[in-house]
Amino acid sequence: MLTLIKNANIYAPEHLGKKDILIGNRQILAIEDSIAPHETFTIWDARGKTLTPGFIDQHVHIIGAGGKHGYASMTPEIMLGEFISCGTTTVVGLLGTDGTARSVKTLYAKAKALTNEGISAYMFTSYFSIDPVTITGSIQDDMVFIDKVLGCKVAISDERSSYPTATELLRHLREVRVGGQISGKKGILHIHLGRMTSQIDILLELVEKYEFPIENISPTHVGRTKALFEQSLQFARLGGMIDITTGGTKYTDPYKSVLYALEQGISIDQLTFSSDGNAGLGKTDENGKLIGFTKAPIHLNMEQTAALIREGGLPVSEAIKLVTSNPAKNLALKQKGHLKPGYDADICCFDDDFNLTDVFAMGKQMMRDKKVLVKGNFEA
């Protein structure tokens, strides 16, 4: 079935203006000033709405996380409708602190399930520890033989990490890079950053002393503290991409971190947002006593992107890069992050106030007029 979207104000992310889009077979087939209707087309009139690529969340706990306050603090899986409701059409799932009760095999199964239900889902193998937990027995083999695996996760500068040395990280990096070369993937080491004063010293060492290619090193949670963010800007100046968490611990509003980075001369093309969604968060009373648990939200990528536009004054074409073309570049997802012929038909539609109204994923309309049309198999 072919769908013709008429009268759309397109940001691809560059502003193309008013265009028509023809989609079919899960891809964008054409973008033209005007495309004549045909009896075989399903027509959808965008009525001048803003259309962007679907959002990419490259750090989200799709099978749940948490658990640092006991078994009852472990969060549940995310359902499809939660992603659709915030415009997320591509996700990368991963484990957190727990590589024991949580399994990378279960993570793979969930990524496949979300794909079957209608969005694009990938994963990072392993978890916080430098001793990898994999599907096949090695990081490189996971990269080569597991279709969904884009790289490996590890933690540094955190009391829950394994306090890895530069040599140990280099061995991981070698596996993701060589595994990526063999399998036709980029291969990245996705690195959780804690709040310790060591910050990203070791990552700068990997690049400056050992000359490892910076494009394979992907630090996240860079906005956890102001000092960490300042040092992360140094990593960006060396040519790296840095990922700002919208849903977890942060020293200021993520959109303000972006504006500060731009003031410091960092290109917006080196910045990404991710949610850390579905991580476990403790709730405390006014005295700091733990009284319960909640899930880190997954919708804040959209909220912070809108804040960049409304509060920060950034053009739509620049603001949406953090959740579209930039993460697609970081992950080397060659058919994602842009609205172009031949790319996957993942599309978000917004009203004049940049409120999400409609979503297409792989060519299928998943949300219409703010109502989620397609939900997961076990959603109410």
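## Close-up views of a predicted model

**View 1. Lysine charges sit over tyrosine rings.** The charged end of Lys148 lies over the ring of Tyr122, 5.4 Å from the ring centre. A charge sits over a ring if NZ of Lys or CZ of Arg is within 6 Å of the ring centre and within 35 degrees of the ring normal. Lys226 places its charged end over the ring of Tyr260, 5.0 Å from the centre. This is a predicted model: local features need pLDDT of at least 70, side-chain atom pairs count only at pLDDT 80 or more, and totals for chains, interfaces and linings use all residues. Residues are numbered from 1 along each chain as its sequence is written, and side-chain values use heavy atoms, leaving out hydrogens and water.

**View 2. Phe229 and Tyr251 form an aromatic pair.** A search of the whole structure finds five aromatic pairs. In this one, the ring centres are 6.1 Å apart and the planes meet at 45°, so the pair is tilted. (Rings of Phe, Tyr and Trp, the last by its six-membered ring, pair if their centres lie within 6.5 Å; planes under 30 degrees apart are stacked, over 60 edge-to-face, and the rest tilted.) Phe229 lies in helix H6 (residues 226–237), while Tyr251 lies in the loop between strand S12 (242–245) and helix H7 (254–263), so the pair ties together parts 22 residues apart in sequence. Helices (H or I, at least four residues) and strands (E, at least two) are DSSP runs, numbered from the N terminus. Phe229 is buried, at 0% relative accessible area. Tyr251 is partly exposed, at 30%. (Buried means under 20% relative accessible area, exposed over 50%, partly exposed in between, with a 1.4 Å probe and protein chains only.)

**View 3. Ring pairs build a cluster.** They link Phe55, Phe350 and Phe354.

**View 4. Residues of H7 meet residues of H8.** Pro254, Tyr255, Val258 and Leu259 in H7 meet Gln304, Ala307 and Leu308 in H8. Contact means heavy atoms within 4.5 Å.

**View 5. Pro53 is buried in the model.** Its relative accessibility is 1%. Pro53 belongs to strand S5 (residues 50–53). Which residues does Pro53 contact, leaving aside its neighbours within four places in sequence? They are Tyr11, Ala12, Pro13, Ile320, Thr324, Gly337, His338, Leu339, Asp346, Ile347 and Cys348. Pro53 and Ala361 are 308 residues apart in sequence, and their C-alpha atoms are 9.8 Å apart in space.
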